[in-house]
Amino acid sequence: MKSCKRKEVPVSKPLLSLVNLNKYFGDFHVLKDITLDIDRGEFLTLLGPSGCGKTTLLRCIAGLEAIDSGDILLNGESIKDLAPNKRNVNTVFQNYALFPHFTVYDNICYGPRVKRTLSEGELKQKVREVLELVQMAGYENRMPHQLSGGQRQRIAIARALINQPDILLLDEPLGALDLKLRKHMQTELLQLQKVTGTTFVYVTHDQDEALNMSDRIVVINQGEVQQLGTPREIYNNPRNLFVTEFIGDRNILQVEVLEPGEGTVKVMLGGQVVEARSAGSGLTAGDKAVLAVHKDKMRVACEPGPNSLVAKALSIHYAGSQIRLELAVGQDMETGWVKLTVILYQQSDCECEPGDSVWVSWDADGAVLLPLEPGWQGSVLV
Amino acid sequence: MKARVNRWQIIYLSVFFVVLYLPVLSVILYSFNANASTAKWTGWTLDWYRQLFNDRVIGQAFVISIEVAVLTAIVSAVLGTAAAVISLSLTERMKKAVQWVMLLPLLVPEVALGVSLLMFFNALRLPFGHLTLVLSHSLFCVPYVYVMVRLRLAEIDREIIESARDLGATKWQAIRTIVLPLVMPSIITSALLAIAMSLDDVVISTYMSGPRATTLPVHIFSMMRVGVTPKVNALCTLILLGTFLIIGLNQFVNIKSKPKGVV
Amino acid sequence: MKGGISAKAGGAGGAKRGGLEALRQNVLAFPILAWFGLFVGIPMVYVVVVSFLTRDDLGNIVWQFTLDNYRRIADPVYLRIFANSFLLAFLTGVVTLLVGYPVAYTTARLEPKRRNLAIGLIILPFWISSLLRTYGWVILLGNWGIINNVLTALGLIDQPLQLMYKFGTTLVGTAYMLIPFMIIAIYNSVDKLDKSLLEASYDLGAGRWQTFFKIVLPLTIPGIAGGFTLVFIPALGLYFISDLLGGGQTVFLGNLIHTLVNRGRNRPLAAAFSVGMIVMVILVVAICSRVTRSKREGFLL
């Protein structure tokens with residue numbers, strides 16, 4: 001499935017390549033054999049839960065951490081042994097890290113000044129330009145402690161961008177902002193990236209943010225790349241259980257394969273037979289597998305329909321724009337049953353009361369089937 | 001229950017402060033006593049101060065003390081700050097080792113330290129005087145600089161230094177343009193403290209003084225052993241004024257750097 | 001040390017990298033260690049060496065090994081001096097603790113403005129000449145000093161009280177000199193206390209005193225141990241206080257060493273006593289360190 005956001009990138013060498021990158025903190029293997037290509041001009045997000053190593057990976061690219069094996073290639077040349085000040089890569093830190101004893105102007109000028117890349121005259125012009133870019137024109141003489149969080153953020157970005165880095169690294173830059181401001185800044189950041197054409201590598205644990213802003217997403221867990229793809233791909237075609245559980249809001253159920261096949265597969269769930277789309281992973285009859293369906297891609301009706309299960313309505317919750325319906329599916333609804341949540345947006349989609357028997361169904365296309373991984377603990381049909 | 005302080009605690013605190021400053025105030029008071037032997041209070045006078053200004057020996061000791069103090073402050077500030085800044089980039093074990101070594105002079109009673117330095121410098125045939133005084137005074141002043149600068153460094157967000165490197169600064173540039181300006185208040189405070197401690201030192205200076213170079217405290221101490229005279233009181237009061245000058249300077253420096261929070 | 005992942009596109013093996021890296025990181029530390037090693041370590045070692053030597057009639061050191069100096073220490077007269085010094089230092093610790101703990105505790109619980117004022121007043125004496133501070137007691141406690149004058153004037157006494165030249169006088173002077181150290185050490189400890197622990201204690205029904213003895217005191221032991229060390233060590237060495245206030249009635253180690261060096265011209269013996277003093281310090285520091293071993297925070301910094 002092609003994403004509409006995908007830019008027309010000519011087939012060329014990637015800007016940044018990570019090759020078999022490994023890093024240890026003492027005995028702890030924090031980055032495991034990471035191999036990744038980042039294209040020029042793209043907005044790439046490193047997405048994962050806390051502690052997965054995404055920030056460490058970012059810092060390795062910046063040169064703030066050394067790697068233990070593997071390589072980092074920028075424009076085809078290895079930079080893994082270069083000090084951070086020698087790499088044409090700049091970082092926007094989580095807490096902005098503005099120099100408290102410098103004005104905004106001096107903060108922004110810092111990079112060019114220590115590297116002596118611009119004269120003072122040129123600096124004045126450049127600073128004005130970059131401040132306009134981040135919509136902070138006129139703030140040259142303010143001190144950091146006089147600025148709000150969002151403003152400091154923008155100055156931090158301006159300070160990095162004036163150096164015209166090959167890559168801009170952003171470490172959860174919006175984490176400290178409140179929700180409304182965060183949404184606003186997401187739009188701004190995206191616009192900024194398009195306007196400047198700079199390659200952004202963005203770290204976050206917020207999947208909405210990642211899905212919203214990125215050209216491609218790298219999902220990371222426990223130091224390993226779980227999946228790399230566009231937001232559309234990640235959202236619809238998760239390749240393993242971690243990504244399935246981490247992205248999107250799905251019902252995740254254990255099933256038994258009945259009839260394997262290309263395209264749709266018949267499986268047994270709660271004593272009933274339904275169809276699902278296979279992730280193409282070679283499942284055979286009798287295999288235990290995992291079925292994942294987006295909670296808001298299911299339908300509830302009072303009569304049976306194609307590919308539907310009979311279920312008993314347990315409870316209904318109204319949560320703002322959503323109606324959450326809890327159902328129980330099972331052979332014997334007294335002893336062994338599986339809980340499903342269905343999210344509906346209109347009252348008319350749900351004409352039932354708790355205790356009723358209903359039929360729940362979904363498009364075989366909207367459900368993904370994945371092999372069961374050892375050690376997985378999810379909903380199990382007893 | 002809110003952490004509130006009750007009346008008895010405030011009273012205790014106040015009494016404590018009164019007792020704390022009583023000796024100091026007594027000295028000041030008696031420096032104006034017309035009676036030479038503090039036995040009785042006979043009246044106000046400035047005689048003793050006049051006598052002081054004419055005393056050449058004291059004047060000389062004073063000059064020497066100042067010279068030693070300033071040199072000590074400079075040496076201690078440089079060494080202590082260097083040690084603190086270098087500590088930032090050491091491995092954990094080395095950090096602990098440096099910390100112990102830095103604090104070592106404070107773990108030895110001054111008498112033992114003075115005596116051992118005396119024997120050591122003697123064996124090295126070093127001339128006793130300014131050199132030995134500055135060296136030995138630095139020994140117990142550097143730890144204070146080290147501790148205060150370390151504390152201030154800990155308050156600086158690690159990201160700020162990383163950011164400087166990220167933007168293109170070499171290690172030395174980062175230290176010079178970012179770290180040093182931010183720890184300067186601590187450096188100045190501890191340097192002023194070094195001056196105060198050096199000016200005040202009796203024990204070690206006793207052993208480290210040379211034939212021509214005696215510090216003021218050593219001189220005062222010998223005056224005190226002879227007996228209580230208002231002249232000594234007057235001298236002490238003047239020293240007190242000097243102390244307040246230094247403290248005032250310190251406050252001035254600290255207040256100037258207040259507005260800049262750590263962002 | 002590190003896993004056996006082989007390097008592909010460059011980079012040395014894990015273990016070798018670690019050793020070399022550490023060296024490069026630490027190279028700057030060596031000058032620092034050298035400086036202090038030179039000026040503190042070597043003199044100390046030298047003193048230990050000298051303590052095993054002897055002297056000639058002129059007072060010069062003769063390089064002849066002997067245990068004489070240490071044998072002389074065992075003399076009851078000298079042992080009494082050790083005991084005196086230890087007692088003085090120890091009691092100074094106790095007195096500063098008893099007087100200073102409430103000060104530190106109260107200060108830590110004042111509101112910010114008052115607290116800063118209090119801290120300023122506590123630290124101020126640091127800057128004031130120690131001779132001055134000691135001398136003030138001479139004026140206060142002398143037979144014709146302020147206290148006696150006031151009491152006589154008020155008619156409370158006929159004869160002046162003999163307050164000077166006693167063991168207690170030296171104790172007061174030393175404790176007075178060192179109490180700011182104890183207060184600051186305890187203050188830091190109290191300040192770090194999680195206030196919600198106190199609230200939990202009250203919530204569970206404990207009174208103020210119970211909370212203090214069961215919660216606050218145990219948790220501030222590192223501060224107490226640190227303060228005790230900070231007070232004990234100087235107390236051994238500030239012999240000028242016992243000179244001025246004690247009048248030489250009781251002889252302390254500091255005075256003894258000073259006399260041996262200056263007048264007795266017996267440096268080896270003085271060295272032996274110095275070593276004895278340092279050993280005492282090491283023992284006390286070790287004990288305080290052991291006391292705080294079970295607590296999480298270090299006790300010096």
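**Reading burial, strands and contacts**

Me: D33(A) is partly exposed, with 17 other C-beta atoms within 10 Å. What makes a residue buried, exposed or partly exposed?

Reply: A residue is buried if 20 or more other C-beta atoms, placed from the backbone, lie within 10 Å of its own, exposed if 12 or fewer do, and partly exposed in between. The model is predicted: local features need pLDDT of at least 70 and side-chain atom pairs pLDDT 80 or more, while totals for chains, interfaces and linings use all residues. Residues are numbered from 1 along each chain as its sequence is written, with chains lettered from A and ligands numbered from 1 in the order in which they are written. In chain A, 41% of the 382 residues are buried.

Me: In which strand is D33(A), and what is its phi?

Reply: A strand is a DSSP run of E with at least two residues, a helix a run of H or I with at least four, and both are numbered from the N terminus. D33(A) lies in strand β2 of chain A, and its phi is near 50 degrees, which is positive although the residue is not glycine. N20(A), also not a glycine, has a positive phi of about 45 degrees and lies in strand β1 of chain A. N20(A) is partly exposed, with 17 other C-beta atoms within 10 Å.

Me: Which strands make up the sheet, and in what order?

Reply: Two strands pair if DSSP finds at least two bridges between them. The order in chain A is β2-β1-β4-β5, an open sheet of 4 strands with antiparallel pairing. β2 (28–38) and β5 (77–78) stand at the edges with a single partner strand each, so one side of each has no neighbour in the sheet. Between β1 (residues 16–25) and β2(A) there are 7 bridges; L18(A), for one, is partnered by L36(A) in β2(A).

Me: Which helix lies across these strands?

Reply: Helix α1 (residues 54–62) of chain A lies across β1, β2 and β4 (69–74), at about 65 degrees to β2(A). Such an angle, from 0 to 180 degrees, is taken between N-to-C directions of axes fitted to C-alpha atoms, for helices over the stretch in contact.

Me: How many residues are in the largest nonpolar core?

Reply: A nonpolar core is a set of buried Ala, Val, Leu, Ile, Met, Phe, Trp, Tyr and Cys residues joined through C-beta atoms within 7 Å. The largest has 220 residues, and L169(A) is among those with the most contacts inside it. A second, separate core has 32 residues, including L291(A) and V358(A).

Me: How many residues of chain C are in contact with chain B?

Reply: Contact requires C-beta atoms, placed from the backbone, within 7 Å. By that rule 65 residues of chain C meet 64 of chain B. Helix α2 (residues 29–50) of chain C gives the most to the chain C side, 12 residues. That side divides into 48 nonpolar, 11 polar and 6 charged residues. Ala, Val, Leu, Ile, Met, Phe, Trp, Tyr, Cys and Pro count as nonpolar, Asp, Glu, Lys and Arg as charged, and the others, Gly among them, as polar.

Me: What are the domains of chain A?

Reply: Their bounds come from an automatic or database domain assignment: domain 1 covers 16–241 and domain 2 covers 252–371. Their C-alpha centres lie 41 Å apart, and 5 residues of domain 1 are in contact with 4 of domain 2.

Key:
Two residues are in contact if their C-beta atoms, placed from the backbone, lie within 7 Å.
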